[in-house]
Amino acid sequence: MTTVLDLVPVRSPSRSWSAPRLVGVVLAWVTLVLAVDAQAGMAVQWMLGGATWGLLAVLLAREAPLVRIQTLVVVLFASCVELTFSPLLGVYLYRFHNVPAYVPPGHGLVYLAALAIGRTAFVQARTRSLTTLVLVVGGCWSLYGVTLAHRPDVLGAFWFVCLVAFLRWGPSPGLYVGAFLVVTYLELLGTSLGTWAWQRHDPTGIISIGNPPSGAAGGYGWFDLAALLLGQSVLVRVRALGGRLRRPVRSSLADGGS
């Protein structure tokens with residue numbers, strides 16, 4: 001039986017950007033934004049946010065409708081997580097103790113880059129070997145975090161377990177391979193620049209946290225799951241709403257012409 005999880009796009013539509021081009025643009029933009037924001041004030045941060053929304057719109061314009069909806073679901077879900085775990089709970093903190101304006105659309109860019117990597121022919125043909133490589137690299141990093149690191153990282157180990165589960169049972173392992181690459185780069189760059197910093201413990205003081213946590217890409221798997229579970233149903237409702245909105249217009253035109 002076909003489910004919504006079978007509908008994840010695995011090949012780029014003919015109008016979409018090529019995967020190397022899209023991933024290159026996203027990584028270059030993320031690098032630029034984080035480097036600038038590490039030294040800039042709030043006004044520049046807002047401008048970076050507007051520009052990031054613009055880039056996301058440009059990339060989405062050439063994607064399939066389902067991918068657009070999935071990406072917007074990720075943006076919404078990730079924004080709720082950001083607001084909860086950063087300014088509210090203080091698990092990690094940005095420079096101004098806010099959620100920078102570029103972060104919500106930035107999550108959309110990360111999702112698109114991970115999706116682009118996951119649907120390439122190279123990854124599709126080598127999913128098993130690449131999954132094994134991610135598990136080995138991520139597992140070593142996670143093990144180091146809970147045994148030898150000067151700053152213990154229990155949260156990273158938990159997220160790595162999530163990553164293992166998504167790679168083993170999730171609907172799109174290629175996407176999780178892509179997410180591991182992109183999110184790991186993002187976390188290492190952002191924390192090294194001081195754009196944000198993870199606290200040593202969660203609010204309870206029980207769970208230790210690395211800076212960054214080793215398995216951050218495992219947490220990103222939940223964003224993708226939300227996109228897959230909600231994307232198709234949201235798209236159906238949007239199309240139904242669009243149909244209802246067009247019908248009165250057509251009806252009035254028909255009445256006017258009679």
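Cys80 counts as partly exposed because its relative accessibility is 45%, where buried means under 20% relative accessible area, exposed over 50% and partly exposed in between (1.4 Å probe, protein chains only). Cys162, at 8% relative accessibility, counts as buried. The structure holds 0 disulfides, a disulfide being a pair of cysteine sulfur atoms within 2.5 Å. The model is predicted, so local features need pLDDT of at least 70 and side-chain atom pairs count only at pLDDT 80 or more, while totals for chains, interfaces and linings use all residues. Residues are numbered from 1 along each chain as its sequence is written, and side-chain values use heavy atoms, with hydrogens and water left out.

Helix H6 (residues 127-147) and helix H7 (residues 154-169) have axes that come within 9 Å and cross at roughly 160°. H6 is therefore roughly antiparallel to H7 (angles over 145 degrees count as roughly antiparallel, under 35 as roughly parallel, 65 to 115 as roughly perpendicular and the rest as oblique). Axes are lines fitted to C-alpha atoms, for helices over the stretch in contact, and angles run from 0 to 180 degrees between N-to-C directions. Helices are DSSP runs (H or I, at least four residues), numbered from the N terminus. Residues making the contact (heavy atoms within 4.5 Å) include Gly138 and Gly139 of H6 and Phe160 and Leu163 of H7.

Val177 lies in helix H8 (residues 173-193) and counts as buried, at 4% relative accessibility. Leaving aside neighbours within four places in sequence, Val177 is in contact with Leu130, Thr131, Val134 and Leu167. Val177 and Thr132 are 45 residues apart in sequence and 9.8 Å apart in space, C-alpha to C-alpha.

Technical notes
Helices (H or I, at least four residues) and strands (E, at least two) are DSSP runs, numbered from the N terminus.
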